[in-house]
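Trainee: I am new to this structure and would like to go through it piece by piece. Please show it first.

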Amino acid sequence: MRHSIRAILAGTAAVLAAGGAQAETLRLLTWGSYAPEEVIQMFEEANPDIDVEVTYSNNEEMIAKLRATGGTGYDLAQPSHDRIYAAQVEYNIYKPLDLSKIDTSVMTPNLLEGVKANTTLDGEVYAVPHQWGTSGIMANTAEAPDATGWADLCDEKYKGRTSMRLRRTILLGTAYAMGMDPFALYDDTEAYQDMLDKVTEKLIACKDIIKTYWTGGDDLSALMLSGEVIVSETWDSTAFKIYNENQDIVFVPPETGALAWIDTFAIPRGGEADDAAYKWINFVMQPEIVQLMSASTGAIAAVPNGIDLLPEDKRAAVQAAFDEEDIANLKFFANIPPGLEDMEGIALERIKAASN
Amino acid sequence: MRNDAGKLSLILLMAPFALWIGLLIVLPQLGIGYVSLREKVGINQYEFGPGNYADFIAEPIYRNTLFRTAWMSILVTALALLVGFPVAWYIAKIARERSRAALFLLCLIPLWVSDLVRAYGWIVLLRETGVVSTVLVGAGIIAQPVEMLYNDVTVVIGLVYTVILFMIVPLVSTLQGMDDALLEAGYNLGGGRLTVFRRIIVPYAMPGIVAGCIITFMLTAGSYLTPILLGGKNSSWFTEQIYNQFITRYNWEAGATFGVLLLGFTSLVVWAGLRLTGQSLSTTVAKE
């Protein structure tokens, strides 16, 4: 009797120990389509001791979630490069990266340096680049062949046929279209408020022209593909997906420059699986995985030949949209200083609440 | 001894309920109340005070959105009562015993699908290139496709559809308890249809009406998905502003303030509604 109990205990202990050794879970907090099932399977095959759990989110929700938990609950997050600095200063939700564990040699040097410069705090780097893309406008060339920039969204001749997303991107785009440079005003609160007031006025006047504000990629796709909307603000990746279904609909980098974002890898302060997180980063930056990833996201990986690694149809869409000059004219989002989003928030609410 | 056992079983019986109320209702409310009284003065610097409430009062956008939300919720509640009462009456009084359960079930079926999917159902039907518009053009009734989405009327229709069940269920259960002899007595004493309805049916159904109105009003004022998805460029809803404060503006203090205000204001509306109609909770919902 006693023997058997001891045997059972020993057996249980062995199972627990074995379970403990392999029970590592990598909890990813990322964008929809940034963790395709196929890639997860390949990663789990290569690392049988790691389970991957994915939560899909967006920039604002990622920060809100991590802020609510003090940076715990996730092991790897993917906010855009301009959302690291202020969030870290105010809420302390990330931990510094150990760059020796990341194969940074595969990353495009200027994107890597750009992200590092944007996310360095007290000499510590908090993020490295993963994929990049732009925001601009999308036009149905069959009906709106001469759309060239943000201002076309508010052009009388497209009345009732345009759309935009009522978030900070449209504020910045409209500011550029009105001849201002919002990123240069970031540190001057008064000048920025002045700019916001002008943009607000313009966008309130614009409400007559637009059909509706879109809220997500699916929403936007339905509006464009049904032909209800012919010019819209868009993420380039959404436009590239649509191009595949209707080749009249192309991404148009605004003449004032498409706004470029870089989605990054950052480790939350309370992350419990740093090694697994570093493994994931290195894994998804390999060329064959980049290809799968870009096919799923439509965004361009931060590797030197990122555009070549896009699937055929998306590469065609990128080439139809961008030339060398457009690429040189990209406006990368600058770090958002703390408090700025509150000012933008009230501007956005004024626009939404205004009726005319 | 037996007394102790009785006490223990009572405690055990009440424990899940008390935990639920305490941990999931009271504690979060206190937390929200606390955050709403915290003023942000700088990065990671806070002071205690009513500043967030002052900000709310000073900014007409928020005030107007709250009034708009309350006003539209009242409208939705009234429409739900108007549409729901005949349905409830039919189920409780006119339908035969056997079909009653089936009819009730038919009302429940939409609830098996989530709000989100039902809102998308409306979108598919009502958009410019949607089912209704296409059919009307095809039948030659209208010449141009018409956009029926993205306006306040659509939001009201969508909300009535979402909440009407919560009006029907309490109405059916009160009306079912009504003795038909009451109606016959009313007619025999010379009452017309209108008098019988006004003097007998409505007073009898009042507990159901009050309960249904409170539930639908609260659900509507607190709903998020339907107004966001069906509403257009001009339709702000107060819950959307709470979301914006918490998520896009990282302003938990203002978001918490808005939450407290929404709860307070809707409770006030319910109280005012009860007072205006001369009802009270103890004589209606909590009637023995």
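Trainee: What share of residues 70–91 of chain B is helix, and how far apart are the end C-alpha atoms?
Mentor: Helices here are DSSP runs of H or I of at least four residues, strands are runs of E of at least two, and both are numbered from the N terminus. Over residues 70–91 of chain B, strand makes up 0%. The helix share is 100%, and the end C-alpha atoms are 30 Å apart.

Trainee: What kind of model is this, and how are residues and chains labelled?
Mentor: This is a predicted model, in which local features need pLDDT of at least 70 and side-chain atom pairs count only at pLDDT 80 or more, while totals for chains, interfaces and linings use all residues. Residues are numbered from 1 along each chain as its sequence is written, and chains are lettered from A and ligands numbered from 1 in the order in which they are written.

Trainee: Which residues of chain B does UniProt list under "transmembrane region"?
Mentor: The listing comes from an unreviewed entry. UniProt positions are given in the numbering used here, feature names are shortened, and annotations may be inferred rather than shown by experiment.

Trainee: Which element gives the most to the side of chain B that touches chain A?
Mentor: Two residues are in contact if their C-beta atoms, placed from the backbone, lie within 7 Å. The contact takes 22 residues from chain B and 23 residues from chain A. On the chain B side, α3 (60–94) and α11 (238–248) are the elements that give two or more residues. With 5 residues, the one that gives the most is α11(B).

Trainee: Why is chain A as compact as a globular protein of that length?
Mentor: Chain A has 15 helices and 15 strands. The globule rule is 2.2 Å times the number of residues to the power 0.38, and the radius of gyration is taken over C-alpha atoms. For 356 residues the rule gives 21 Å, and chain A counts as that compact because its radius of gyration is close to this, at 23 Å.

Trainee: How far apart are the centres of domain 1 of chain A and domain 2 of chain A?
Mentor: Domain bounds come from an automatic or database domain assignment. Domain 1 of chain A covers 2–132 + 263–320, and domain 2 covers 134–260 + 331–353. Taken over C-alpha atoms, the centres are separated by 29 Å.

Trainee: Which element supplies the largest share of the side of domain 1 of chain A that touches domain 2 of chain A?
Mentor: In this contact, 18 residues of domain 1 of chain A meet 15 residues of domain 2 of chain A. On the domain 1 side, α4 (85–91), α5 (109–118) and α13 (312–321) of chain A each supply at least two residues. The largest share, 5 residues, comes from α13(A).

Trainee: Which residue is the bridge partner of Leu29(A) in β3(A)?
Mentor: Two strands pair if DSSP finds at least two bridges between them. An open sheet of 3 strands in chain A has the order β2-β1-β3, with parallel pairing. Strand β1 (residues 24–31) of chain A is joined to β3(A) by 2 bridges. In β3(A), the partner of Leu29(A) is Ala77(A).
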